[in-house]
Amino acid sequence: MIPGVLREAKARDGEHIVYVARERLLETMRWLKETPDQAFDYLVDVTAVEYRDRERPLEVVYFLRSLSRKVDIRVKVELDAADELAVDSVWSLWHGADWLEREVFDMFGITFTGHPDLRRILMWETYAEGNPLRKSFPLRGRFSRAEQVRQALNANPEAHYSLEELSIADAGGDLPEDMRERLKRGERGTIPEPGSRE
Amino acid sequence: MSKRTLELELATPGVDAQGHATRVPLTAPVEPDLGGEHLLVNIGPQHPATHGVLRLVVELDGETVLRCIPHVGYLHSGFEKLGEYRHYNQIIPLTDRTDYLSPMSNNVGFALAAEKLMGIEITPRCTVLRVIACEMSRIISHMVWLGTTSIDLGAFTPFLWAFQQRERIYDLQEMWTGARLTTSLTRVGGLMADIPDAFVGKLREFTQTFPKTLDEIDRVLTRNAVWAGRTQGVGALTAAEAINYSLSGPMLRASGVPYDLRKDKPYLGYETYDFDVIVGEHGDVYDRYLVRLEECYQSNKILQQALDRLPDGPINVDDPKVILPSKTRAMSDMEAMIFHFKQVMEGVKAPVGEAYVGIENPKGELGNYLVSDGTAKPVRWRIRPPSFINLSALPKMAEGHLLSDLIAINASVDIVMGEVDR
């Protein structure tokens, strides 16, 4: 019996779906990965689903596979849209979850607690229109095309770098004067001290 | 069979200061420490060696990569969002544009997922034709990879040879679908067209002559000291790391994991074809090259078997609710016209539920995950992008290598930005 399972279902492709309580996700995943007769050692995909029916909760879907047993399983966590959208990150179990979780964060606004580097990935860091794959997000985006162009043209060169990246150039004294001026105003936060990362 | 007997010979002839003939080793001497002053280098997004609009921000100590931070998303088109507003058959043209180096197998991957969701069994002729489409895609995708990677590493000739062969497959694609790149080959429940009469002969001629080019590429690269020196031991990942990073396709197999969806989760009757799963042992750039090169031979073998067994019969399922009637019938038969109208206006409705189908694309496992709420448009269409996930291991692979090796490692991932960014 898989720990933390709320209920089970069968998908139309015959795969086994288990619904897990949000608090026990990491425990369940670790059990699935490390129990010898389960051995789900491979994370195929992480994604999320929001239904057109607003009453239904959002689902975060994990596709797991055991390479040795050649079996798949689908683990789902349900999140109420009115509630805080957050689950534990499975990065500590599978490093492949790194970009996959970042994409879900970017597209759905779901936070993965414990992820080492949770930034937007497909959209840029300063993107302000929301989370594109949410049903409340209009197909053409929130801003007009003119506004999007205006923002793109007004972006400073340093907007293309994260503050952590800028700290590398700052330590070498390679940043141009005007860039340094703008950064000193602190609109994007402060540049971390070089070497502060582990 | 191991082709790795080259390590000891990795040297190039030269002369020393006294003019005596000597052999200069191709390995780089250790860089002096520059006292902790690091350099930030930006590569891309417009750079020929990043294979598309990939941008890499690299922290360098001298010439050694300390950290590599990839930035993706410059080609983001929101295909998954667009899919939620389209009928299942209308999504197929979007799949062409994700991995545009192997459009036909993307079409097949999506159609298989939609058919799984709707519970449709395709006809035997359609199954074999889809295998042909998938393997043709694998060959052209690997040819592009070989060509561009060899250019990245300074070899121009294999690029021309590889692209000539790719051109021949493109001609075949054009013959079959009318398009060279945006093929939109499949429909839910079948194909957009049967192959023309001359197709089988042309493809058979291709399968007979293509291995000669592979042999030539093999001769010019595999035992080439420069090629081996640039690729052996570069960007190596162990089997455990490759699994942990969710790598798939040639990247996973080069690290020594014999996992191939065609064997381990067979679709389209792949279990009935005779071919080998190619596995590397070191997981470096060189082994990825060997795996892809050998996979071309195997694909060629599958193509020949598929041509031998190609059955006659219809290509589409016999279900007027799923397949459009022929134009003649739609214009002359009342019932056919109604089915035509309903399919075009309302689309094909899928039952409530979800389905995931992963297929072995040239770049790795391409997954299509469809969730339906009973309407003709999916609630969610998720593409599991193989090169996106393979690329996520780039920072790990590049760490500690030289900047020039970063180009080789990035090339070895075989990314296509249309799919990474979707």
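Leaving aside its neighbours within four places in sequence, with which residues is Lys81(B) in contact? The residues are Pro132(A), Leu133(A) and Leu139(A), where two residues count as being in contact if their C-beta atoms, placed from the backbone, lie within 7 Å. The model in which this contact is found is a predicted one, in which local features need pLDDT of at least 70 and side-chain atom pairs count only at pLDDT 80 or more, while totals for chains, interfaces and linings use all residues. Residues are numbered from 1 along each chain as its sequence is written, and chains are lettered from A and ligands numbered from 1 in the order in which they are written.

Lys81(B) itself is found in helix H1 of chain B, which covers residues 79–83; helices (H or I, at least four residues) and strands (E, at least two) are DSSP runs, numbered from the N terminus. With 19 other C-beta atoms within 10 Å, Lys81(B) is partly exposed, since a residue is called buried if 20 or more other C-beta atoms lie within 10 Å of its own, exposed if 12 or fewer, and partly exposed in between, with C-beta atoms placed from the backbone. Within its own chain, Lys81(B) lies 8.0 Å from Arg380(B), C-alpha to C-alpha, although 299 residues separate the two in sequence.

From this one residue we can turn to the contact between the chains, which takes 36 residues from chain A and 41 residues from chain B. On the side of chain A that touches chain B, the elements that give two or more residues are strand E3 (42–49), helix H2 (97–108) and helix H4 (163–171) of chain A, and E3(A) gives the most, with six residues. This side of chain A divides into 22 nonpolar, four polar and 10 charged residues, where Ala, Val, Leu, Ile, Met, Phe, Trp, Tyr, Cys and Pro count as nonpolar, Asp, Glu, Lys and Arg as charged, and the others, Gly among them, as polar.

Chain A comes next. Its secondary structure comes to five helices and seven strands, and from the N terminus on the elements run β-β-α-β-β-β-β-α-β-α-α-α. The radius of gyration of chain A is 21 Å, whereas a compact globule of 198 residues would have one near 16 Å; this radius is taken over C-alpha atoms, and the globule rule is 2.2 Å times the number of residues to the power 0.38. Along its principal axes the C-alpha trace of chain A spans about 60 × 40 × 25 Å, and buried residues make up 30% of the 198 residues.

One of the bridges joins Arg7(A) to its partner Tyr19(A) in E2(A). The two strands form a hairpin with five residues between them, and in its turn Gly14(A) has a positive phi of about 90°. E2(A) is also joined by four bridges to strand E5 (residues 71–79) of chain A, and these two strands run parallel; here the bridge partner of Val18(A) is Val75(A) in E5(A).

Chain B has 17 helices and 10 strands. Its radius of gyration is 24 Å, close to the 22 Å that the globule rule gives for 422 residues, so chain B is as compact as a globular protein of that length. Of these 422 residues, 50% count as buried, and the C-alpha atoms fill a box of roughly 95 × 45 × 35 Å, taken along the principal axes.

Within chain B, helix H4 (residues 124–152) and helix H16 (residues 403–413) pack at an angle of about 180°, with their axes 10 Å apart; axes are lines fitted to C-alpha atoms, for helices over the stretch in contact, and angles run from 0 to 180 degrees between N-to-C directions. H4(B) and H16(B) are therefore roughly antiparallel to each other, given that angles under 35 degrees count as roughly parallel, over 145 as roughly antiparallel, 65 to 115 as roughly perpendicular and the rest as oblique. Thr148(B), Thr149(B) and Asp152(B) in H4(B) meet Ile407(B), Ala408(B), Ala411(B) and Ser412(B) in H16(B).

Finally, Ser184(B), in the loop between helix H5 (157–177) and strand E6 (186–187) of chain B, has a positive phi of about 45° although it is not a glycine. Ser184(B) is buried, with 20 other C-beta atoms within 10 Å.

Note on methods: Two strands pair if DSSP finds at least two bridges between them.
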